[in-house]
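Reader: Hello! Could you take me through one residue of this model closely, and then show me the setting it belongs to?

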Amino acid sequence: MRRFHPAIRNSIVVVALGCLTFSAVAVRAADAFASRDATPAIEFPQHRSADGVNLILHAPQIRAWPSFERFEADMAVEAAVSGGTTRFGTASISGATEIDLDTRLVTIRAPKVDEVTFVGSASETLRQAVLQATMQSELKVPLDLFLAQLAEDVLSNPPPPGFNPDPPAIVVRSSPTVLLFVDGEQVIEPVSGTGLRRVVNANWPLFRADGDDGAYYLFVGEHWLVSRKLDQGWKAAAALPADFDRLPDDPDYAAVKAAVQPAPGSSPIPDVLHAVTPTELVVITGEPLTESIEGAEGLEYVTNTRTPLFRLEQTWFYPAAGRWFSAARLDGPWSYVADLPEAFNQIPADHPRGAVRASVPGTPEARMAALEALLPTRVAVATTAALPIEVTYAGDPQFEQISGVRVSRAVNVGLDVLEFQGRYYLLYAGIWYSAMTPVGPWRVTATVPPEIYRIPPSSPAYHVTQVRVAETTPTTVVYTYPYGYSTNVYVVYGVPYYGTGWYYPPYIWGRYYFPYPVAYGYGRWYNPATGRYASRSVWYGPYGGYSYNQGYNPRTGRYGYVETVWDGDEWASHGETWNPRTGVGTETSRYYDADRNSAEMERVVSRGDDWISTERSTDFDEGISQVERENSRGGSSSITHEVSDGTITTSGQGSTGDGRSYTVTGETTRSGGSGTIAGEERSVDVTTTREDGRSASTIHGSEGGQGLSVTGQGPGRTTVGQSASGDLYAGHNGNVFKRTEDGWQRYDDGEWQTVAFPTREGRASTERSRPDSTDWRTGTSTDRDFAQLNHDREARQRGARQFEQRQVGRQRLAGRSRSGGAFRR
């Protein structure tokens, strides 16, 4: 199979939305701009005016955000009457907040200015101008600024009572091995028109033939294997039964049909590890080879595996689903680690295993991830709203008592249906409904029995305890739930855990299969670039398709699944997913043909009546890629990339749902490039240079703003926006500070003066080090200024970097199937 053209695969065009964006959004192949046409521009520093005074508002420095409802912040401000001298000051602001996790924005509809202080004397006119300009319109701030600023306040609480700390089976192999996980008893589905039967609840494409003594056929990566038993005897299949040539022309089997002719693969035939309960598999190439991590107190990592595996002194450590397990020997026994050694906090963020920092208690990455998992979502619904789906059971409704509570749950439906004292409760997309019968009619309810909130973590219905009624009116009910409700993530010891640690066996009735999320068995790891848990099989393969089957979808009457297969000439992928906790469904089809050296992709993401569709076609021989996007709000775009003699030319146009239009143009080479995004009223020019694996992009807005975006010095891309006066911060008592290459400066007596901050040892310093104190917010005012400024600067940079990473991550998720394996050999 040929790989993508490297010039297309590796090209990155930096684009910005609006005048002097706080975080210039770096996306692959500038078409990502088009899919963000519903995302407002984020401008910091932000230009405003009032009563003839021109103002610049710098990014807020968040001070408090109790219950994620109201915030308090300080911000540096610049004010000048037209043609006059610029005055510098600070403003304390507050207001109610609204969180949008899709756009990663926090909106303050009615910001209030509590105090304005200028350096030196200033007229009342300037002060009133700041008040008026700041409060005249809503304020939008990147969510990641809030997370970075407040991450240190995340508490390291133990898990709720009932979480299961027991380790899963952890198997370490020194030769190529894949995990064949069959979730419960085999669920067999006949393949129409053939003598084949598909094992629905396997994590790899697994079939059984009627003839040939009922042999199993397993497709793993680029090999077809055959065996008469699942737990032994696997070998390469010399040929497949003729029934594989008669697979239906159905998306369910499109991927398998693309690889029905076994072809010699470049990788060795793997062993097969069969498991019927969640199992973590670590594959090492031979004996483990370790390398010390510089500055990490003797901590070593295994270099000849793609799985995070560490050794400290004589103990092995392995992370899974946010937890850590340790063992004296790789063959176990393994045990849960509640107190991780300090050495793990010293793993550099840009280390090859730096991503595990999101699972290391006390690191900024873990605290930000934990804070994000706690963010509330509010859902308001009319009391008269109808349930948007039909509740369909496999046979008659079957209920089982939940241990420890007087609540029963339905087991033969892919939804959360509960029974308490003869009344039925349904939780769908964060909204509670009730009915007198298990089939409805269902009505929105604001009365949820307290007994339901006593459901223990050992029950697969535990997640419903996260959704509560926040407020009610005669016509509306408002529900609230943490982000973890829809993602199966819980905060334990200040880090995000995936799942409760319990394995919930699926409910199986004939050909119907209803699985539950499991913490282990897919190599789950927290990806800080997306803020989600992913399966390591996406990158490494041994776990098979990422949730190859996901159970029955009552919206479509089909099983949800994602599958990707390939052979030496082509690969194909098709997937349908559906999350009843959010009501979001996706359908993705991909196809690559090496004979034509072209690829096609279609994807639709929907939630209720809202949807966005993407169609991408790429001709690698001609060096042309085209992306068409539409959404339910009327937005559309068409972006084309052409490669010629090492230069990528980008052109396209788009329009938003409210009728605004824009154009995209640019050229990029290996050494750099430039591009322009032009709207009806403003435009942004981007110039990028690359050298020695690093790149820097200078961003100029049509209204005079500028920004700098740098990559290659760690994960992701860092974008810092600043005004002509520099990168400004609000100190206490109205002082305004600026960070320069030489350290901190303070505005005083009409000019910027270098500040030599004393440390705890009494030494003068302008460096970034924080005073040696367990609580740096105590001590002298000078100490507090120094510590707070360094904290604010680091938080601004980290928040800007993560905001941008998440935008890129969102584009990547929107452009690929969940299995992802098709992109690797």
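Author: Happy to! Since this is a predicted model, let me start with the whole protein before zooming in. The protein exposes about 34,500 Å², and carbon and sulfur atoms supply 47% of that area. Of its 825 residues, 55% count as buried. Nine helices and 63 strands are found in the protein. As for contacts with a separation of 6 or more, 51% of them join residues 24 or more positions apart.

Is Arg739 buried or exposed? Its relative accessible area is 13%, and because the cut-off for buried is under 20%, Arg739 counts as buried.

The mean pLDDT of the protein is 76, with 70% of the residues at 70 or more. Two stretches deserve a mention here. Over residues 1–41, pLDDT stays under 50, although the model has 146 contacts beyond four places in sequence for that stretch. Residues 703–720 also have pLDDT under 50 throughout, and for them the model has 64 contacts beyond four places in sequence.

Note on methods:
Residues numbered from 1 in each chain as written. Predicted model: local features only at pLDDT ≥ 70, side-chain atom pairs only at ≥ 80, totals over all residues. Heavy atoms only, no water. Helix = DSSP H or I, 4+ residues; strand = E, 2+ residues; numbered from the N terminus. Buried < 20%, exposed > 50% of the residue type's maximum accessible area, 1.4 Å probe, protein only. Contact = heavy atoms within 4.5 Å. Areas by Shrake-Rupley, 256 points an atom, 1.4 Å probe, with all protein chains shown as cover. pLDDT = per-residue confidence, 0-100.
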